[in-house]
Amino acid sequence: MTDLSPIKQLDFNETKEALKTFLKSQDQFKDFDYEGSNLSVLLDVLSYNTYYNSYYYNMMLSEMFLDSATQRNSVLSHAKELNYLPTSKRSSAIKANISVVASNLDSNYFNIPKHTAFIGRCGNKTYNFLTDKAHTAVRSVTDDSLYTVSDVDIYEGRIIRETYNIGNTLISNPDIDTRSLEVSVNGREYTYRSDIFGVSATDRVFYLQAENDGRYSIQFGRDKFGVQPTITDLIEATYRVTSGSSANGVGSITSGNFGGSSSVVISLEHLSSGGSQAEDIESIRTFAPKALQVQERAVTKRDYETLLRSRFPNIQAISVYGGDEVIPPQFGKVIISVDVVGGEGAADYEIANFRAYLRDKTPLTIEPVFVVAKFLYVDLDVNVVYDLNLTSKSSGQIQSEVGTAIAEYQNTNLNDFNKTFRQSRLSAHIDSLDVSIVSTDIVAKPIIQYIPTLNFATSPSFSFESQLVQPYPFDVAKGFETYKPAVSTSRFTVEGSSVTAKDDGLGNIMLVTADTDVESVFKSSIGTIDYKTGAVKLSNLSVESFENNAIKFTANTVSKDIKPPKDRIIVIRGEDVTVNVMPVES
């Protein structure tokens with residue numbers, strides 16, 4: 001029998017040629033005109049059939065594996081096998097302080113019911129907001145008609161109520177924020193569980209399961225891992241549907257009068273944030289296998305990262321390390337630093353949500369401690385030389401392109417913990433922008449910002465965790481004109497004088513006058529510096545004012561690459577970047 005091995009690729013013409021070759025090798029068909037006869041039509045049909053079947057089976061086999069599946073429903077099916085629940089849409093949230101004016105009330109308290117509605121505005125768009133629980137405003141001690149309550153969490157969305165029977169528990173709206181789902185059976189409340197650990201047959205619990213088309217269904221324990229409703233039971237669900245990430249950035253919330261009030265005033269602590277779309281395919285593909293490894297328990301560092309990232313998709317960066325790694329050591333604790341999308345660090349209410357989520361997932365002897373995400377900024381001096389004869393671009397155009405390239409490098413290579421700034425890679429990226437660029441010279445220095453409490457003596461300490469270039473000991477006779485300290489700061493005011501801080505080459509931090517033509521030592525020592533580790537410790541520093549938003553401590557490190565401490569994220573800001581473009585002629 002003739003070999004049909006040439007049919008190896010999903011190509012119509014190759015398949016047809018292979019069929020022709022096969023038929024020509026048969027005595028009964030070798031004299032046919034395959035281009036002009038009706039047999040050519042039959043070969044087209046066979047080729048198309050072969051092509052379609054090959055394509056179909058190839059796609060079908062691809063969808064059978066999580067790594068190669070391209071259809072969302074296929075990916076959800078594989079995630080279900082791994083006991084992974086993809087994250088739904090998330091409501092944007094905002095924290096508000098509410099003042100209610102209500103006269104002629106005998107009570108010292110004013111109740112704001114659960115699901116109280118508000119209207120949020122962002123530009124010319126309006127969004128519905130509501131509370132997720134009841135709050136109690138307390139009467140003012142100075143004004144009997146004024147009631148106030150602080151730190152009220154308000155979520156974007158509107159409430160949907162549905163009823164089901166046990167034969168069909170599919171939630172109809174794919175825009176659900178599953179965190180808000182409340183389920184009752186015949187009026188009795190059921191509690192959501194994400195696993196069956198410790199659940200008995202008599203517990204009133206429900207589970208969620210991802211279904212096709214981005215929807216979810218409510219599942220019960222079949223009288224083994226929770227009470228199973230019967231066909232006659234009435235199942236009720238209340239949940240919030242949301243616009244997701246489009247509601248982020250709302251800065252104005254209003255409300256009509258409620259509960260007998262005559263006026264309501266709402267002040268916000270920040271813009272709305274935390275809204276996100278449903279988890280995408282690539283995220284599910286990444287985290288579903290990891291969730292199976294973790295099994296809803298946080299034991300290793302990676303477990304904490306996986307659990308929090310899968311539950312809170314707005315987390316942009318996370319760093320987890322043991323309490324024994326900090327100074328002074330905090331044994332029995334795990335330190336977690338989180339940065340969320342759209343902000344620097346995480347808001348208090350977000351940290352509270354993180355902590356509540358981990359409460360029953362950590363060992364009894366381990367306490368999760370959340371710390372504010374810190375940042376290591378980079379002072380960047382970039383000098384670019386380009387050949388005038390190789391480009392029609394102006395210096396300004398090249399300068400603009402270099403600025404864009406630096407921002408691209410930041411977004412691609414940094415924006416997370418444990419990411420190192422590498423000068424060679426940034427230099428290569430800039431060199432590749434245009435054939436006219438001859439050379440790129442970069443001087444990068446790490447910056448740590450300190451925001452002091454004004455007119456209050458503090459003793460801050462921090463570390464660059466890199467070896468610094470130790471200068472020669474400062475000589476008063478030679479002055480500061482040629483002196484290059486390992487650490488220097490921006491200006492701030494102490495005891496009525498404008499000063500900067502610099503090291504003296506001997507391990508001390510001194511204050512130097514900054515408002516005179518010739519710099520001089522204002523105080524010989526206000527702290528110490530370790531040149532090997534980059535650790536800076538200040539003592540009893542009382543600052544009266546400072547420039548811009550913080551005091552910048554800029555270091556001169558031995559290494560050209562900048563590796564941040566484990567609790568800091570490297571950020572390149574436009575205000576810290578200087579780009580100089582110099583033309584030459586070849």
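Colleague: Why is the contact between Asp-177 and Arg-179 called a salt bridge?

Modeller: The closest N and O atoms of Asp-177 and Arg-179 are 2.8 Å apart. A salt bridge is a side-chain nitrogen of Lys or Arg within 4 Å of a carboxyl oxygen of Asp or Glu, so this pair qualifies. Bear in mind that this is a predicted model, where local features need pLDDT of at least 70, side-chain atom pairs count only at pLDDT 80 or more, and totals for chains, interfaces and linings use all residues. Also, residues are numbered from 1 along each chain as its sequence is written, and side-chain values use heavy atoms, leaving out hydrogens and water.

Colleague: What makes Asp-177 count as buried or exposed?

Modeller: Its relative accessibility is 0%. Buried means under 20% relative accessible area, exposed over 50%, partly exposed in between (1.4 Å probe, protein chains only), so Asp-177 is buried. Arg-179, at 31%, comes out as partly exposed.

Colleague: How do you know that Lys-89 and Asp-175 form a salt bridge?

Modeller: Their closest N and O atoms sit 3.1 Å apart, so the pair passes the cut-off too. Lys-89 is buried, with a relative accessible area of 14%, while Asp-175 is partly exposed at 29%.

Colleague: Why does the pair of Lys-89 and Asp-175 tie parts together?

Modeller: Lys-89 belongs to the loop between helix 3 (72–81) and strand 1 (93–101), and Asp-175 to the loop between strand 7 and strand 8 (176–185), so parts 86 residues apart in sequence are joined. Helices (H or I, at least four residues) and strands (E, at least two) are DSSP runs, numbered from the N terminus.

Colleague: What about Lys-523 and Glu-495?

Modeller: Their side chains meet at 2.8 Å, N to O, in another salt bridge. Lys-523 is partly exposed at 31%. Elsewhere, shared partners link Arg-90, Asp-177, Arg-179 and Arg-240 into one salt-bridge network. The whole structure has 20 salt bridges.

Colleague: What makes strand 10 and strand 11 a pair?

Modeller: Strands pair if DSSP finds at least two bridges between them. Strand 10 (residues 205–210) and strand 11 have four bridges and run antiparallel, so they pair. Tyr-207 stands opposite Gln-219 in strand 11.

Colleague: And which are the edge strands in the sheet?

Modeller: The sheet is open, with six strands in the order 7-12-8-9-10-11 and mixed pairing. Strand 7 (158–164) and strand 11 (216–219) are its edges, each pairing on one side only.
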